[in-house]
Amino acid sequence: MNSTNTAATLLAASGLGKRYRRRWALSGCTLEIPAGRVVGLVGPNGAGKTTLLHLAAGLIAPTTGTVEVLGGRPGDGPVQLSRVGFVAQDTPVYPGLSVGGHLRMAGYLNPGWDGAEARRRIEQLGIDLRQRAGRLSGGQRAQLALTLAVAKRPDLLILDEPVASLDPLARREFLRSVAGTVAGRGTNVVLSSHLVADLELVCDYLVVLVASRVRLAGGIAELLASHHERSGQPVRLDDLVVAAMSQTGDVR
Amino acid sequence: MIRFTWLQFRAQAVVVAGALALLAVAAAGLLHRDDGAVRLWLGVLVLVAPGLIGMFWGAPLVAREFEEGTFRLAWTQSVTRTRWMAVKLAVVGLASMAAAGLLSLVVTWWSGPLDRADLNQFATFDQRAIVPVGYAAFAFTLGVLAGALIRRTLPAMFVTLAVFVAVRLTEFSWLRPRLLRPVLLNLALNPGSTGYGQQGTLSVLFSSPTLMPDPPNLPNTWITSLAVVNARGQALTTQVLTRACPDIGQGGGGGGGLGGHSKAPQAVVNRTQDCVAKIGTTYHEAVAYQPASRYWPLQWYELAIFLGVALILAAACLWRIRRS
């Protein structure tokens, strides 16, 4: 469970592809993400971000290529599952089950479950444990989903566009609590979004994915510094990402 | 995983357990045990319960997870999805079987006196004893598989109902009579209890008139076929009949012992009886039936078949979930 055997590589994909019937959601994706970073995965809709994260969480199996997460095959047995926390897009919860019921569920299903931490987080958010999850606001639901993923004490936390459907205030609060959770814990995080501003709040490493290809990858500070060096003037991360996304020629 | 399954399922389980308890109390005290209409409705309840279980417990089990996206929550806990599916199938499946079994137990007990007086145990064969447990297991796993394949609750419910009804009708009309070789009985045609007319309800459209003997009096047995045949086993055709008795059926009204109808003119009755006597020299009544003692063997046989099919369906669910 604990990151004693932390590989230097958090996630390694090689020629990774996933086909749904006739449509390739991801194809020929090769990338390597170092451990110990808070990684932002950014790219336009349809770039394959969600597919890549689902493959990394073991929710789907690759059609071609391989992917390794924390040195293991995603979804391969309960130990690998326990090492990865996953918050899905739209943060699904069981509408008929109470918030407390969700915490009990996660306690039953995860050997490393930290019940005290989970209750502390929920109380801090002012959410009633007896409330049905279906009655929560979008922001509260996302917080519940985050709590479930965090309190299982994973070595890697994957968040798939967790804030896409939240209003600006809830979005900021959510990202703050992700940042607060990550700080001083040594949990690896991969967070996807199509908004660079979201990622800037939390991440220190960036991967720009366009049509299954990595267009730009590196520590955010390093990326900004090297650009400054080359062009002689400071640049905003936003502009750097847009430039990476709109460059043409190297795709297939 | 068992505790989680129970956490999700307990509300429905409690409702059904409460309803069963109410029914048991009513059966023990309030419902008069000589009420034929109540007996009929309780039988219908046992008959439809497995279908409802398949629709409301089976179909949504996986389909709703897909529909609401919660499978992404469930399958990223520290439990493999194979185990997740296996435990859900086992817990809710056993609850389905228990519910159908208890319902059947209450109804079988309550209807006991009327059933014994009726001397027609096979008429309520699939509303009593242990077969409803098999139907419930089958309907439930069918529903789960439909949900896993279709991934939408409402269509999965309808497909479950349609397939369940189709399978039960086929099983009841085609398979069950073939499960055990029937006992054959040859009887001479009795002019006093053999009529002339067309058989069946739907088949009236396709069949031509023939002689219709009354079924023999064999209490608590199940007569699976009744025919007028000659020594070589050939059935009596209309051509043979009209050649032997050109004037049969003329003069209105059906004759012979099919009591309850308006009385046919005596001349017609006599003519029919003469004809039956004449035909009876070369033709006889061939009866195929399941004796009363076959009731329990058939119950076990059918239970085993449905449980076996349920196991196959459960395996298909696991296979489908593993590769989705």
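The following legends describe close-up views of a predicted model.

**View 1. The contact between chain B and chain A.** In this predicted model, 16 residues of chain B are in contact with 22 residues of chain A. On the side of chain B that touches chain A, the elements giving two or more residues are helix H1 (2-30) and helix H3 (71-74) of chain B. The greatest contribution comes from H1(B), with 4 residues. By class, this side of chain B holds 6 nonpolar, 7 polar and 3 charged residues.

**View 2. The two domains of chain B.** Chain B is divided into domain 1, which covers 2-181 + 293-322, and domain 2, which covers 190-279. Between the C-alpha centres of domain 1 and domain 2 of chain B there are 42 Å. Contact between these domains of chain B involves 5 residues of domain 1 and 4 residues of domain 2. The side of domain 1 of chain B that touches domain 2 of chain B has 3 nonpolar and 2 polar residues, and no charged residues.

**View 3. Helix H5 of chain A and its surroundings.** Helix H5 (residues 138-150) of chain A has 13 residues; at 1.5 Å a residue it should span 18 Å, which agrees with the 18 Å between its end C-alpha atoms. H5(A) is mostly covered, since 12 of its 13 residues are buried. Among these buried residues are Gly139(A), Arg141(A), Leu144(A), Thr147(A) and Val150(A).

Key:
Residues numbered from 1 in each chain as written. Chains lettered and ligands numbered in written order. Predicted model: local features only at pLDDT ≥ 70, side-chain atom pairs only at ≥ 80, totals over all residues. Contact = placed C-beta atoms within 7 Å. Nonpolar A, V, L, I, M, F, W, Y, C, P; charged D, E, K, R; others polar. Domains from an automatic or database assignment. Expected span 1.5 Å × (residues − 1). Buried ≥ 20, exposed ≤ 12 C-beta atoms within 10 Å, placed from the backbone.
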